[in-house]
Protein chains: 2
Amino acid sequence: MLILQNDRHREHAGRHEMYRGRLVECVEVPERAELVLGELHRRGFARVERPAVRADMTVVESVHDLRYLAFLRQAWDHWIALDSANASFDILPSVWPNQGLRRDAPTQNFSAQVGRYAFDAGSPITRGTWDACLAGAASAIEAARRVASGSERGALVVTRPPGHHAGRDFFGGYCFLNNAALAAQTLRDAGHARVAILDVDYHHGNGTQSIFYRRADVLTVSIHGDPATEYPFYLGYADERGEGEGEGFNLNRPLPKGTAFDAWRRELDIALEAVARFGASALVVALGVDAYKADPISGFLLDSADFTTIGSLIASARLPTVFVLEGGYAVAEMGINVANVAEGFSLAG
Amino acid sequence: MLILQNDRHREHAGRHEMYRGRLVECVEVPERAELVLGELHRRGFARVERPAVRADMTVVESVHDLRYLAFLRQAWDHWIALDSANASFDILPSVWPNQGLRRDAPTQNFSAQVGRYAFDAGSPITRGTWDACLAGAASAIEAARRVASGSERGALVVTRPPGHHAGRDFFGGYCFLNNAALAAQTLRDAGHARVAILDVDYHHGNGTQSIFYRRADVLTVSIHGDPATEYPFYLGYADERGEGEGEGFNLNRPLPKGTAFDAWRRELDIALEAVARFGASALVVALGVDAYKADPISGFLLDSADFTTIGSLIASARLPTVFVLEGGYAVAEMGINVANVAEGFSLAG
Ligand SMILES: [Zn+2]
Ligand SMILES: [Zn+2]
């Protein structure tokens, strides 16, 4: 299995996020990727590559909105231009176009721009966010190209910030560019007529769902904590099945907080059956490992050993597969859990 | 002129608001109303009343959404039920249903409820917010009844938090219940067929506009800093003229930051002409005094003496008039500026 590593992820290191009326330390930290890479190394995954750090913008611009990309690229410079003292603080939204307001209002104000694109206050934009995201996007695109060409059966992209909460023109949930969507689009562009995205992160991949919600060529399937009680709350319900041409091509399998692996695994069977029925010729896995029992911000009860089983069950789909790192905040154990998925996939392959 | 005072405003005393990526002290403080009342007293406004502190919910529920009101009423209890340590922090939103998300999602999560109704992170809900708002609403309704009955030509409601940014089902801009809208609705219910609301606050009254945007019986007129650069950014443009039956019954007069009184006054003439042409038989003034030159968060250049002129120009409309206190954050001078409006209005009457 090919591992794609991206050192520039370190340049995205947020200081604070809003949680219950206060600013707390960010839980999505650089150490996460380092621990995953360290564990993969210990397990003997020897084929580790560092792709170019600049993504193919043709792909990025086919998944994301041009104005949104321009905003992300220039955000830090605009922030510092407001006040050089802003360098001591990350960018967080303070106002946004909720109901009754015009999202398309012709305002030039920087805070208003931030709020136009943000859906939470947990995702600080830092000096290095754009570079880190672009390098992650490059890795995801490269992984998809290697798998599409048949030169690899599986590739794992170890990068951060994660991507599955980011949509065509919005960020949130620690995500800015949607790496899984970029990988899926790359597979489509390389000739795979039908691509499936399987999201096993604890949190619903609202960004990924919304990017492909009106498309029949990319099936999106997600197993996640029920948004009735779990983040991101406002999307991820079972009745969301796609719209227009995309109707029937989105599958949400929300599960109550406290779900253990027996029940979770049955959902994975259902998800993989849907992928097979869809006739996908390639698979992207949005690999969050926050379904782990000790994850500090999640609520499923999976053990580390269960992630090995997940890897082999995914391998049983017999599809060229790109794994993209998403969430997982039990930092000490997340390396083990990701490596278990990789091992389960590789050994079953 | 009758002054209506509300002591319970003090129970709303937010600790922090988000500003440029950090939490800063609230600028909308209890001292604001106290200084206004002190100055009115010094000027000899002797008829000061304290109405009942519970508003007529029939009026409140005709302006605001029932689920939103239930949320506000129960918010603090739900907040403390999450964690008793939350008593040390005010409620601020951390996630909200921006684009791509379902505002109507059936989530029970408390943070998701907060975000459903909030459009900024500058408006903390505190232990006493609901009681303070309800007492303010009661004062606004009582003022409108006294003016409607003909027993008073003018009444000034000195209360806080302000109201003009609050809509039927949203809060923001330090506002939770829309006192000006409640006064206007009360005047309508008392038989005034056509009521006008004139908003002279520096910031566009987006809540008031949206409440009456589809109605022809209440004209909304606002003179304010151009939302292209000024808060609330996403509403308040000149091309917003009302919708459906309300088309033609909303007038926005945005002015660039840095506007002085000469130009401002010409806009007031235009606004008062619109009120006269509309045929209003009663007027509500959303009285922010943050157009003052030294206001810390605003950008017009009005002098204190200009507020006296504003009061007499409004009196020249010869309409029963309810003034409701909105913004104004040059705390030391705001008492003078509000009293100047009251004096200008009374002496011209
Ligand atoms: Zn997650
Ligand atoms: Zn204001």
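With which side chain does the side chain of B:His164 make a polar contact? In this predicted model, where local features need pLDDT of at least 70, side-chain atom pairs count only at pLDDT 80 or more, and totals for chains, interfaces and linings use all residues, the partner is the side chain of B:His165, at 3.3 Å. Residues are numbered from 1 along each chain as its sequence is written, chains are lettered from A and ligands numbered from 1 in the order in which they are written, and side-chain values use heavy atoms, with hydrogens and water left out. A polar contact is a pair of N or O atoms within 3.5 Å; within protein, one must be able to donate a hydrogen and the other to accept it, and residues adjacent in sequence count only if both atoms are side-chain atoms.

B:His164 is buried, at a relative accessible area of 2% (buried: under 20%, 1.4 Å probe, protein chains only). Among the residues that B:His164 touches are B:Asp201 and B:His203 (contact: heavy atoms within 4.5 Å).

B:Asp201 (OD) and B:His203 (ND1), together with B:Asp290 (OD), coordinate the zinc ion (ligand 2) at 2.0 to 2.1 Å. Donors are N, O and S atoms within 2.8 Å of the metal (3.2 Å for Na, K and Ca); water is not among the atoms, so sites may look incomplete. Along the chain, the donors follow the spacing D-x1-H-x86-D. B:His203 is buried, with a relative accessible area of 6%, and B:Asp290 is likewise buried, at 0%.

Regarding the two chains, 100% of the interface residues of chain A are also interface residues in chain B, so the copies meet through the same surface.

Conventions:
Buried < 20%, exposed > 50% of the residue type's maximum accessible area, 1.4 Å probe, protein only. Lists of a residue's contacts leave out its neighbours within four places in sequence.
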